[in-house]
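Here is a short tour for anyone opening this structure for the first time. Keep the 3D view handy as you read.

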Amino acid sequence: MAHTVDPAGATANGHQTLPPNALVRSAIADYILHLEPKLRALNKYIHENPELAYKEHNAHNAICDFLEGLGYQVTRHAYGLETAFEAISGNGDRTVNFNAEYDALPGIGHACGHNLIATASVTGFVALSFALKQFGIEGRVQLLGTPAEEDGGGKIDLLKAGAYEEVDVSLMVHPTSDAAYVDKDVLESAGFSSVASYNLQGTYRGVSAHGGATPWEGVNALDALVATYLNVSILRQQIHPTERVHGAIIEAPSVNSNAIPALTKTQYTTRSPTLRGARKLGERIRRCMEAGALATGCELDIEEMPGYAELRVNESLCSLFQQHMAANGLKILRSEGPIAAATDQGNVSYAVPALHAHIGIAVDDGSKNHTAAFAKAAGTAVAHERAVASGKAMAMTGWDILTDHAFYEQVKLDFEGDKKLR
């Protein structure tokens with residue numbers, strides 16, 4: 001069942017009489033226009049001061065300062081994470097969450113546009129909070145600062161800490177290049193599925209010895225790592241076309257070739273259309289690691305690192321967001337097929353119904369995310385405008401979630417139906 005935005009009115013929530021959606025949308029537009037200089041300055045500051053995972057102190061402080069300046073109570077360093085925060089407004093039994101990412105990439109800054117994600121979610125939070133207060137409507141709105149999407153999975157940490165326990169629906173958007181969509185006359189899509197990932201880090205402990213005089217006294221940890229690398233390379237022929245394995249040498253000797261290496265570390269990531277598949281492939285990688293240790297006599301410690309679940313697409317949420325984007329003059333697809341990237345919003349989508357829309361931005365040479373050209377594009381005025389427009393559309397999506405009981409029930413039905421497919 002697709003929800004249709006009613007420009008002339010809205011459904012009733014309990015005993016409350018709701019204003020027409022067109023009036024709410026207009027009020028939000030006027031309010032955000034008033035805040036535009038401050039939103040632009042916040043976006044610009046985050047873009048120009050890129051910070052790596054779990055080290056986003058400047059972004060954390062800037063967003064908290066912005067929200068406190070508007071009168072919101074903010075919990076800094078929330079849920080045991082130094083660079084996470086939480087702001088909550090309103091009251092009621094139903095809660096809409098917005099996720100703000102703001103970590104950057106090593107060497108190329110905001111090449112994934114997380115400054116725009118933060119801007120869109122901040123816009124969505126303050127816009128929806130304003131509308132609920134302006135029209136006297138019950139509803140609870142949460143903004144979470146979610147660090148370390150690129151490396152570590154801040155949302156996984158927040159899930160474990162209980163940050164989403166009272167959340168009913170989670171909303172966010174992610175920028176991407178619009179180059180592939182210009183000929184379709186759209187700016188990306190309201191939803192897409194992604195792959196899941198699973199991570200293993202192996203530490204090999206051997207015995208050092210003189211490489212020339214007494215090599216037989218040594219147990220070679222580098223040989224164990226190389227054997228693992230070869231085992232995984234052989235394994236790649238037997239994995240599904242939709243799966244991926246990629247790894248890195250984390251620690252190995254680099255200066256002295258005259259001693260048997262006693263310590264090496266390697267890390268592998270598996271990707272699969274489902275979390276179950278990624279973990280199953282991870283078990284095959286584990287056996288490759290164990291074989292390397294067995295062949296050389298090394299001791300092996302394997303650390304399982306948090307993996308990203310695949311995104312679960314909620315078609316009702318996608319359809320509604322698509323309609324609200326169109327009302328702002330931006331056409332997007334409702335949803336599209338899977339992409340070979342992973343995000344910790346996938347883990348959130350396993351806990352609650354979630355939106356992870358894509359919004360296209362103009363990149364000079366059409367480059368995609370994680371490139372220097374995309375980092376430059378993420379700082380443009382056009383990119384900022386599209387992030388703000390997406391934030392306003394998310395605010396209207398949140399409005400309908402909080403005020404339209406029938407639609408919210410359909411979102412939950414979609415969520416439970418999709419769960420059965422996993």
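His384 is tucked away in this predicted model: with a relative accessible area of 1%, His384 falls under the 20% cut-off and so counts as buried. You'll find His384 in helix α10. Leaving out neighbours within four places in sequence, His384 is in contact with Glu36, Leu39, Arg40, Asn43, Leu116 and Thr119.

Helix α10 (residues 381–403) also turns up in the largest nonpolar core. That core has 70 residues, and Leu67 and Phe321 have the most contacts inside it. The largest share of this core, 11 residues, comes from α10. As for Leu67, its contacts beyond four places in sequence are Tyr72, Val74, Phe85, Ala87, Val122, Phe125, Val126 and Leu143. There's a second, separate core too, with 22 residues, including Val232, Leu235, Ile239 and Val245. As a bit of background, nonpolar side chains in soluble globular proteins tend to be buried together.

Now for the rings. How many aromatic pairs does a search of the whole structure find? The search finds four. Two of them are set out here.

| Pair | Centre to centre | Angle between planes | Type |
|---|---|---|---|
| Tyr31 and Phe130 | 4.2 Å | 0 degrees | stacked |
| Phe135 and Trp399 | 6.0 Å | 75 degrees | edge-to-face |

Tyr31 has a relative accessible area of 17%, so it is buried.

What makes the pair of Phe135 and Trp399 edge-to-face? It's the angle: their planes are at 75 degrees, and over 60 counts as edge-to-face. This pair also joins distant parts of the chain, with Phe135 in the loop between α3 and β4 and Trp399 in helix α10, 264 residues apart. Are the two partners buried or exposed? Phe135 is partly exposed, because its relative accessible area is 23%, while Trp399 is buried, at 0% relative accessibility.

Helix α3 deserves a look of its own. α3 is mostly covered, with 18 of its 21 residues buried. Just after α3 comes Gly136, which takes a positive phi of about 65 degrees.

Helix α6 (residues 275–296) can be read in much the same way. It has 22 residues and reaches 32 Å from first C-alpha to last, close to the 32 Å expected at 1.5 Å a residue. Among its buried residues are Leu275, Leu281, Ile285, Arg286 and Met289. What do the buried residues of α6 pack against? Their partners are β7 (196–205), α5 (221–235), β8 (244–251), β9 (263–272), β10 (299–305) and α8 (345–351). α6 is followed by Gly297, which has a positive phi, near 85 degrees.

One last stop is Glu149, in the loop between β4 (139–145) and α4 (154–161). Glu149 is buried yet has no salt bridge, and the nearest side chain of opposite charge, Lys155, is 5.9 Å away. Not counting residues up to four places away in sequence, Glu149 touches Glu101, Asp103, His114, Lys155, Tyr308, Ala342, Thr343 and Asp344.

Terms used
Residues are numbered from 1 along each chain as its sequence is written. This is a predicted model: local features need pLDDT of at least 70, side-chain atom pairs count only at pLDDT 80 or more; totals for chains, interfaces and linings use all residues. Side-chain values use heavy atoms; hydrogens and water are left out. Helices (H or I, at least four residues) and strands (E, at least two) are DSSP runs, numbered from the N terminus. Buried means under 20% relative accessible area, exposed over 50%, partly exposed in between (1.4 Å probe, protein chains only). Lys and Arg count as positive and Asp and Glu as negative; His and the chain ends are not counted. A salt bridge is a side-chain nitrogen of Lys or Arg within 4 Å of a carboxyl oxygen of Asp or Glu. Contact means heavy atoms within 4.5 Å. The expected span of a helix is 1.5 Å times one less than its number of residues. A nonpolar core is a set of buried Ala, Val, Leu, Ile, Met, Phe, Trp, Tyr and Cys residues joined through side-chain atoms within 4.5 Å. Rings of Phe, Tyr and Trp (its six-membered ring) pair if their centres lie within 6.5 Å; planes under 30 degrees apart count as stacked, over 60 as edge-to-face and the rest as tilted.
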